[in-house]
Amino acid sequence: MLSIITKAASNFCEHQIKTPYTFKTTIPKMRIVLASIEIIESNKVHTVYLGISKELLQQICNIFLFEDESDDETLQGMLLETTNMIVGSAKVLAQDSNDLKVFNIKTPIYLETKRFNHPYDAMSRMVLDDGNILIAMKEKNATF
């Protein structure tokens, strides 16, 4: 599942913000703006965390909103929109590839701006010139 979301994040970097990136396997020791979104796959529920460094999030606001200095509310809104774009794109990628991991998504929620310290089962970090994108996943117990 993480690989599909990572592919969608790669597409976002390449086609939406047109920024090169590399992958790292460590969590950054820095504050990030963090959102979560739940994915429902069969009887499994996963929480996906998407964190973006404030500098990169400001750059994304500049690209989409033409704002050089966005306030915290705008940054949080852009984080939620970016989370929705990436995870929504992952859903389409899964459907288009006839992947058995077809899933539904819920609405993303803003969590906080701080160092990432949530429990996770898998993670990937993309390093860009202006900052980091952290993607982490945690499987939850289904309550259906």
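Me: Which residue just after H2 takes a positive phi?

Reply: That is phenylalanine 66, with a phi of about 60°. Keep in mind that this is a predicted model: local features need pLDDT of at least 70, side-chain atom pairs count only at pLDDT 80 or more, and totals for chains, interfaces and linings use all residues. Residues are numbered from 1 along each chain as its sequence is written, and side-chain values use heavy atoms, with hydrogens and water left out.

Me: How many residues does H2 have, and what span goes with them?

Reply: The expected span of a helix is 1.5 Å times one less than its number of residues. H2 has twelve residues and reaches 15 Å from its first C-alpha to its last, close to the 16 Å expected.

Me: Which residues of H2 are buried?

Reply: Buried means under 20% relative accessible area, exposed over 50%, and partly exposed in between (1.4 Å probe, protein chains only). In H2 the buried residues are Leu56, Leu57, Gln58, Ile60 and Cys61. An α-helix has 3.6 residues a turn, so residues three or four places apart point the same way.

Me: What covers those buried residues of H2?

Reply: Look for contacts, meaning heavy atoms within 4.5 Å. The cover of H2 includes H1, S2, S3, H3, strand S6 (122–128) and strand S7 (131–140).

Me: And which residues are buried in H3?

Reply: Among them are Leu75, Met78, Leu79, Ile86 and Val87. Their cover includes helix H1 (2–16), helix H2 (54–65) and strand S5 (109–114). After H3 comes asparagine 98, whose phi is positive, near 55°.

Me: What radius of gyration does the whole protein have?

Reply: The radius is taken over C-alpha atoms, and the globule rule is 2.2 Å times the number of residues to the power 0.38. With 144 residues, a compact globule would have a radius near 15 Å; the protein has 14 Å, which agrees. The C-alpha atoms fill a box of roughly 45 × 30 × 25 Å along the principal axes, and 44% of the 144 residues count as buried.

Conventions: Helices (H or I, at least four residues) and strands (E, at least two) are DSSP runs, numbered from the N terminus.
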